[in-house]
2 protein chains.
Amino acid sequence: MRMLATVSYDGTAYAGYQVQPNAVTIQEIIEKCLRKMHKGQAIRIHASGRTDAKVHAIGQTFHFDTNLAIPEHNWKQALNALLPNDIFISSVQQVADDFHARFDVTAKEYRYYVRNAKDQDVFQRNYSFHVGETMNLAKMQQACHFIEGEHDFTSFCAANAGVKGSKVRTIYQATCEKNRDTLIFTFKGSGFLYNMVRILVGTLLEIGKGKREPSDIVEILTSKDRTKAGRTAPAHGLFLQSVTYQ
Amino acid sequence: MRMLATVSYDGTAYAGYQVQPNAVTIQEIIEKCLRKMHKGQAIRIHASGRTDAKVHAIGQTFHFDTNLAIPEHNWKQALNALLPNDIFISSVQQVADDFHARFDVTAKEYRYYVRNAKDQDVFQRNYSFHVGETMNLAKMQQACHFIEGEHDFTSFCAANAGVKGSKVRTIYQATCEKNRDTLIFTFKGSGFLYNMVRILVGTLLEIGKGKREPSDIVEILTSKDRTKAGRTAPAHGLFLQSVTYQ
């Protein structure tokens, strides 16, 4: 039978989600636990998508196939007992045999945290990007409006991403709010290109600093040229918040 | 001249504040940075007190003597440029030559964080103690009242502490509040014995779970017997919040 799991992880110690040689990844750790539970049989997991090194997840999802007849609640307990304490399975449920954690995604939500205060906060160093300059919140919020909707996001996709297919995506929500010393950027969309959220945030921060105008977003989108957008914001401020299925 | 510095640190990676052989401590790291700034001359720092392995600080303080004529603001910058990113100096100021960071303390505030929810939160794993059971907040708040005031805290001092002198301390404030899934215990007092906050919290949690009554605090205080109090709560939920001087 096919199981769908939701997992949160602190990406600080990992080289990202996807298995790669000579580096510890989230996928590898989870697959090792599943292999233990299956007495040595290799179990492949399929996530909603990858996350880069140092990127965190609140609600990443993956599916896997198993012959073990374990109640849903016990799956969660058994996996968490084996996982290290920076990875936590928050739910496991049975799904249809043709369900796919990546292909069946209808929406994803990412958040990006910026600590906007003069001093660094040691407790936030791995979970938000520190920006000391005063930021114009209203201008970033204006710019967010230009991101919402259906656009070709070629300019906001890493140039070396090697994505074939269409770079048109629909962003349902792009917002920026301030809570004390923290700027929280939220993006909800049909899908995201490689590095898209980090390039969007990098560009929005330049707008917040007054180096660009909110309407520049429109020009950047139209140009379909990665070099027109801002710098890629660092990975450690990014959280995959949730994945939605129909 | 004598300088007083305020420092925040994430204690996760350290064997505590005080220098000890074969372990990396906060004191050692800061003294190394000061030695670099003083071209190899050893500079000893004197903190308001020690913190144990994995205990954090928002506002720990220490003093040191120097012959370097550097403006106060530049001290902060220079030290932070040398320190690792889990230690941050938030201020440096000149003080009187007879000031002492430990002997001149008039009050200290500690906070202890408990994540009180069924599931663990990977992002809180190093910064709060996870307690899954339902807790009786009102009973813990009642018990806090019995802690306030001047008492002999022998029962709440680690048995192996080897403290000579009086174990009478005055607690100005002992409170427990709940913010979403987090219980925050705050203790403000004239001084604290070794492990005192952690033993107080361990005992309060047993009251919260219904294993003891709030009035048990009075009996435990009167007994002057460490074995009557609860278990020592783990170090990683504890924060030295601030140190007050006259």
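## Asn80 of chain B

Asn80(B) is buried, with a relative accessible area of 18%. The cut-off for that class is under 20%, so Asn80(B) falls inside it. This is a predicted model.

Asn80(B) sits in helix H2 of chain B, which covers residues 72-82. Which residues does Asn80(B) contact, leaving aside neighbours within four places in sequence? They are Ile87(B), Phe88(B) and Ile89(B).

## Pro234 of chain B

Pro234(B) lies in a loop of chain B. Helix H5 (216-223) is on one side of that loop and strand S10 (238-245) on the other. Is Pro234(B) buried or partly exposed? Its relative accessibility is 25%, so Pro234(B) counts as partly exposed.

Residues up to four places away in sequence are again set aside for the contacts of Pro234(B). Pro234(B) then touches Tyr112(B), Phe129(B) and Arg198(B). Gln27(B) gives a distance reference: 207 residues separate Pro234(B) from Gln27(B) in sequence. In space, their C-alpha atoms are 22 Å apart.

## Two domains in chain A

Chain A splits into domain 1, residues 2-95, and domain 2, residues 106-245. Their centres, taken over C-alpha atoms, are 27 Å apart. Domain 1 of chain A puts 16 residues into the contact, and domain 2 of chain A puts in 15 residues.

Together these two domains of chain A bury about 1,200 Å². Carbon and sulfur atoms give 54% of that area. On the domain 1 side, Asp52(A), His56(A) and Ile58(A) supply 39% of the area buried against domain 2 of chain A.

How many salt bridges join domain 1 and domain 2 of chain A? The count is one salt bridge. Asp52(A) pairs with Arg198(A) in a salt bridge, and their closest N and O atoms are 3.3 Å apart.

S3(A) gives the most to the domain 1 side, with six residues. By class, that side has five nonpolar, eight polar and three charged residues.

## Chain A against chain B

The size of an interface is often given as the accessible area lost when the parts come together. Chain A and chain B bury about 1,600 Å² between them. Of this, 61% is on carbon and sulfur atoms.

In the contact, 21 residues of chain A meet 21 residues of chain B.

Four salt bridges are counted between chain A and chain B. Asp10(A) and Arg125(B) meet through their side chains in a salt bridge, with an N to O distance of 2.9 Å.

Which elements of chain A give two or more residues to the side that touches chain B? They are strand S1 (2-9), strand S3 (56-65), helix H2 (72-82) and strand S4 (87-95). By class, this side of chain A has nine nonpolar, six polar and six charged residues.

Notes. Residues numbered from 1 in each chain as written. Chains lettered and ligands numbered in written order. Predicted model: local features only at pLDDT ≥ 70, side-chain atom pairs only at ≥ 80, totals over all residues. Heavy atoms only, no water. Contact = heavy atoms within 4.5 Å. Buried area = accessible area lost by both parts, 1.4 Å probe. Helix = DSSP H or I, 4+ residues; strand = E, 2+ residues; numbered from the N terminus. Nonpolar A, V, L, I, M, F, W, Y, C, P; charged D, E, K, R; others polar. Buried < 20%, exposed > 50% of the residue type's maximum accessible area, 1.4 Å probe, protein only. Domains from an automatic or database assignment.
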